[in-house]
Amino acid sequence: MTAFAVRPVTDDERRSTFDLLGRSLHSTRVSDEKWSRYGDSWPAAHKFAAFEGDTPIGIASSFDTDLTVPGGRTLTAAAVDGVGVRADRTRRGVLTELMRVQLADVAARGLPLAILHASEPTIYGRFGYGSAALGKTIRVTRPAARLHERVPLDGNVRMLTPAEAVKEIPELYQRIARRPGMISRPPVWWPMMHDRLAGPDGDHVVAVHSGPDGDDGFVVYDTVTRRSLDTPDEGAVLNVRDLHAGHPVALAGLWRFLLSVDLVSAVHARHRPVDEPLSPMLTDHRHAATLAVEDDLWLRPVDVPAVLAARTYRAGEPVVLAVTDRLLPANTGHYEIGPDGARRTGAAADLTLDVDTLGMLYLGEWSATALVQAGRVEVVDPAAVARADELFTTTTAPWCGSYF
C-alpha cells in the first residue's frame, strides 16, 4: 500500500498539480507561455491532492457554480473539474481517499450537491454520483440539409471579432442559461475559452443571434478540413463547440446560419440536448443523423433534504422514497415527495434507492419506471412507480451544455 497524505493544495502547488492532472489524462505538459494564459482557471481553492512527501500523485479539484433545477431555482454546486491519479499510483486507494475528502469538504461548506463530467463512467457511481443528463452528437450533411419554410424567422446573425466575443459572450450566456442542468460560468471557467477565441492559436469563430429584444443566442465553432489528395474539393466540417439560445426562434436562427455557410460538407455538434428539435426543422430529417447519445452531467446529492426541497414536482399523489447514502450517512432516511415539495418523514417507504440513483432521477432525465426496470430502484408499493413518474417528469430534458 502506498503511503500518502491528502491535503489542500497551496498556491505554490498549482502548477505541479495542473501538470499532474494533464499527465493523468494523457495530455501534453503545459508550457510556461500557456500556463501564463491558463493559470487563472486553476486556483488553489477547493483543490485537494494526495502527496508522497512533497510530490503530488493524485488530484481532486472543483469550483463553485450555480445549477438550475426543475422549476427554475438554482442551487450552489461543486463542479468537479479535475480528478486524476498518476499512472504508477492507481488502484491503491488514492482516488477513494481524494473523493472522500472532497465530498466531506463540500458538505462542510454547506453546498447541497456536486456535479461532474465523467471521463470514465464506471468510476463515480460508487461515490454517489448518478448520470443525471444526456447529450447527443449530431452530424448534419451539407448542402442537402435545409430548414423548411415554416421554421420561424425573426432576427439576424452577426459575426463577432475575437475581442468582441471575449467581452460579450459571458454576459449573454449568463442571461439565457435557464434550462435544468445548466450551470453558471464563473470567472475561472472562461480563460481557456477566451484563449481559443482570442489567444495566439485561437481558431474559434463566434456568431450571435439578435431578435426584437436584443441578443438572444450565440454559437461558437471551429472548422475541420476534410480535403485530401483524393478529395481536394471536399468541404470543411463546422464543429460546433458551444451553442445556446434563449428561445426557439433564436435556436432556429443559429442553425439557419450554420447551414448557410459556404464550402461546408457537414455540421458536427457534440453533447446537444436530446430534445433539441433540429430534425423536424429540416425539409428532410434524414440529413440530421444522431451519431451517439452519451452521459452529459453526473449529479451527487450532498444535502438530500435541501436538494429535494429545491425543485418543483408535477401534480400527483405523494410517494415516499427511502434513500441510502453510505458515504454521507446523514442523508439516509425516508422522504415524502409531493406536488407541494419534499420533506423527511417517518412513513413507510414506497420505493428504495441509493443516493446515486436519486441523482439520476432528480433532473428528470430518467423515469422511475426505467430505473426500476434497470434494477436500480426496489419497489415496495407497485402503484408508487407511476406516481413517481408523474411527480419527477419534466417537460424539458435536462442538459448542461458547459464542459468543465
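**Cores and a helix**

Colleague: In the largest nonpolar core, with its 58 residues, which touch the most other members?
Modeller: This is a predicted model in which local features need pLDDT of at least 70 and side-chain atom pairs 80 or more, while totals for chains, interfaces and linings use all residues. Residues are numbered from 1 along each chain as its sequence is written, and side-chain values use heavy atoms, without hydrogens or water. A nonpolar core joins buried (under 20% relative accessible area, 1.4 Å probe, protein chains only) Ala, Val, Leu, Ile, Met, Phe, Trp, Tyr and Cys residues through side-chain atoms within 4.5 Å. Those touching the most other members are Leu 67, Ile 115, Leu 321, Ile 337, Tyr 362 and Phe 404.

Colleague: How many residues are in the second, separate core?
Modeller: Among its members are Leu 147, Ala 207, Val 219 and Leu 259. This separate core's residue count is 25.

Colleague: How far apart are the end C-alpha atoms of helix H3?
Modeller: Helices (H or I, at least four residues) and strands (E, at least two) are DSSP runs numbered from the N terminus. The expected span is 1.5 Å times one less than the number of residues, so the 15 residues of H3 (94-108) should span 21 Å. The model agrees, with the end C-alpha atoms apart by 21 Å.

Colleague: Which strands do the buried residues of H3 pack against?
Modeller: The buried residues of H3 include Val 94, Leu 98 and Val 106. Taking contact as heavy atoms within 4.5 Å, they pack against E1, E2, E3, E4, E5 and E12.

Colleague: Just after H3, which residue takes a positive phi?
Modeller: The angle is about 80°. The residue is Gly 110.

Conventions
Buried < 20%, exposed > 50% of the residue type's maximum accessible area, 1.4 Å probe, protein only.
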